[in-house]
Amino acid sequence: MRVWRNISELGAGLWTTLRQLGRTSTVSYPEEPLNLPPRWRGRPVLTRDPDGDERCVACQLCSAVCPTRCIELQAGERPDTRRYPLTFRINFSRCIYCGLCEEACPTLAIQLLDEFAFSKEHHADFIYEKEALLIDGTGKHPHYNFYRHSGVALQDKDKGEGINEKTPVNVRSNLP
Amino acid sequence: MMLFLMALGMLFTTLVLLGVAGFLVFAERRVLGFLQNRLGPNRLGPLGVGQALADALKLMSKENFVPDFADPVLYRTAPVLVAFSALASFAVVPLDHHFSWAGNWNIGLLFILAMSSLNAYGVFLGGWASGNKFSLLGAVRAVAQLVSYELPMGLALLGVVLLSGSLSLNGIVAAQNLPYIVLQPLGFVIFLIAGVAETHRLPFDLPEAESELVAGFNTEYGGMRFGYFFLGEYLGLTLIAVLTALLYLGGWHGPWLPGWIWLLIKTAAVIFVFFWLRATLPRPRYDQLMALGWKVLLPLALFNVLATALAAALWRLA
């Protein structure tokens, strides 16, 4: 009978809504912490090596790739010939959190971590200097250390002594 | 002195009712939220109760205007009519055996029906006087709805009156040794459906119909005039819930607890059903509502009255 089917469908609808009682999809954000996805793109920061050195080698790739041109830095060189940024400045009132800088970075120094809720009264306050950008931790890649992988000689390490590195080939000889 | 005290009492009753209506607005949003997987307003005060007060303050502080194209007298009268008729109906609603203004009045039920018709006038005039197409359509729907639900509603109530032999709400509740929902299940369902239509609530909120008619009859209203319509709607909702509790669910009869608490519990349960319906059902077209009223509810209600009368007569003979 059509009438009974209609009534039972009414009942099914009512039961469906009643079952939702006490469930919620809403996260009361400031009180409850958010569960951000692991690839969330928040505010870019500069990270450090596991041994505490700055990862950034001031190659300017992030600055070059940035579509809004909000990254600006000057390169310096340490006595041990390792490069580092003298100044590093990001204008967050222009940053669009696209993550291209993170993709471009060869040393995994610049990373978009999970900070997203920051607001200021003045535009000028959004210009972050290096001291504000540099964090103490290693970010998303806790064990990565660029100079331990690269074929560059350091004071305590010669070429070919890095992780997963083979001894360099003698280019003067054709013998294997 | 006596008069003064009575006036004071009436003022108090009115304020309590307005408070209840204001609270219901908040409660509805909250309950609706829970039924729809949301939280609802929960920021202001404990559990968000302050929202009711904030909404009232907002409405009261808004500008009181009359649009150029509206009929000024009717435009001003309509909201008052709606709120007044809803408030006046509560005069005959008893909270307990001897706790009411006119619970013993021997035409109580009739008075409520009359006031509900007056309420429909308020809605209709408000929509008409606004001078807006949407409002007019809402008003037309309100009238179309009125003619289709009032008859079944009155006939459904007739069953109760036949059984109890009284038109006063006190008398009807006193006559219920068994809640009338047992004796009048059909009448109960008809009354509930007609009650939803009567209060213009979803699924029968055709005069308002936000999604098609903007806001129907109260499109042109703002500030406290809109507030009056709102109060009227929620008072009407409370009224229908109280009536359902009084007429069909045994009123204040119940074990252990004092009577008025039983009445409040039953009323709250009916109000929850109203919210629940709103959270679940979509709005029909208004010709569908009219078809339901005339082709289904009216014959059923007539059958209900006849069957009740026959059963009552046979009962008396036996």
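Reader: What makes A:Cys56, A:Cys59, A:Cys62 and A:Cys105 a "binding site"?

Author: The label comes from the UniProt annotation, an unreviewed entry, which covers these four cysteines. UniProt positions are given in the numbering used here, feature names are shortened, and annotations may be inferred rather than shown by experiment. In the model, which is predicted, the four are spread over 50 residues of sequence yet cluster in space, with a largest C-alpha distance of 10.4 Å.

Reader: What conventions stand behind these names and values?

Author: Residues are numbered from 1 along each chain as its sequence is written, while chains are lettered from A and ligands numbered from 1 in the order in which they are written. As this is a predicted model, local features need pLDDT of at least 70 and side-chain atom pairs count only at pLDDT 80 or more, whereas totals for chains, interfaces and linings use all residues.

Reader: Why is A:Cys56 called buried, and what is A:Cys59 called?

Author: A residue is buried if 20 or more other C-beta atoms lie within 10 Å of its own, exposed if 12 or fewer, and partly exposed in between, with C-beta atoms placed from the backbone. A:Cys56 has 25 other C-beta atoms within 10 Å, so it is buried. A:Cys59 has 17, and is therefore partly exposed.

Reader: Where does A:Cys56 lie, and which residues does it touch?

Author: A:Cys56 is in the loop between strand 1 (44–46) and helix 2 (61–65) of chain A, and A:Cys59 is in the loop between strand 1 and helix 2 of chain A as well. Helices (H or I, at least four residues) and strands (E, at least two) are DSSP runs, numbered from the N terminus. Not counting residues up to four places away in sequence, A:Cys56 touches A:Leu46, A:Tyr84, A:Pro85, A:Phe88, A:Thr107 and A:Ala109. Contact requires the C-beta atoms of two residues, placed from the backbone, to lie within 7 Å.

Reader: How do you know which strands of the sheet in chain A are edge strands?

Author: Three strands of chain A form an open sheet in the order 2-3-5, with antiparallel pairing. Strand 2 (71–77) and strand 5 (127–128) of chain A each pair on one side only, and these are the edge strands. Pairing requires that DSSP finds at least two bridges between two strands; strand 2 and strand 3 (residues 83–91) of chain A pair over seven bridges. In strand 3 of chain A, A:Ile90 is the bridge partner of A:Ile71.

Reader: Why is chain A described as more spread out than a compact globule?

Author: Chain A has five helices and five strands. Its radius of gyration is 26 Å, well over the 16 Å that the globule rule gives for 176 residues, so chain A is more spread out than a compact globule. The radius is taken over C-alpha atoms, and the rule is 2.2 Å times the number of residues to the power 0.38. The C-alpha atoms of chain A fill a box of roughly 95 × 55 × 30 Å along the principal axes, and 15% of its 176 residues count as buried.

Reader: What does the globule rule give for chain B?

Author: For 318 residues, a compact globule would have a radius of gyration near 20 Å, and chain B agrees, with 20 Å. Chain B has 12 helices and zero strands, and 46% of its residues count as buried.

Reader: What makes a set of residues a nonpolar core?

Author: The set must consist of buried Ala, Val, Leu, Ile, Met, Phe, Trp, Tyr and Cys residues joined through C-beta atoms within 7 Å. The largest such core has 84 residues, of which B:Phe191 and B:Ala194 touch the most other members. Helix 10 of chain B gives the largest share of this core, 15 residues. Apart from it lies another core, of 17 residues, among them A:Leu46, A:Val57, A:Ile71 and A:Cys101.

Reader: Why does B:Gly232 count as buried?

Author: B:Gly232 has 27 C-beta neighbours inside 10 Å, and therefore counts as buried. B:Gly232 is in helix 10 (residues 223–247) of chain B. Leaving aside neighbours within four places in sequence, its contacts are B:Val82, B:Ala83, B:Ala86, B:Asn119 and B:Gly122.

Reader: Is B:Gly22 buried or exposed?

Author: B:Gly22 has 20 other C-beta atoms within 10 Å, so it is buried. B:Gly22 is in helix 1 (residues 2–35) of chain B.

Reader: How confident is the predictor in chain B?

Author: The mean pLDDT, the predictor's confidence in each residue from 0 to 100, is 86 for chain B, and 100% of its residues reach 70 or more. For the complex, the predictor gives an ipTM of 0.72 and a pTM of 0.77.
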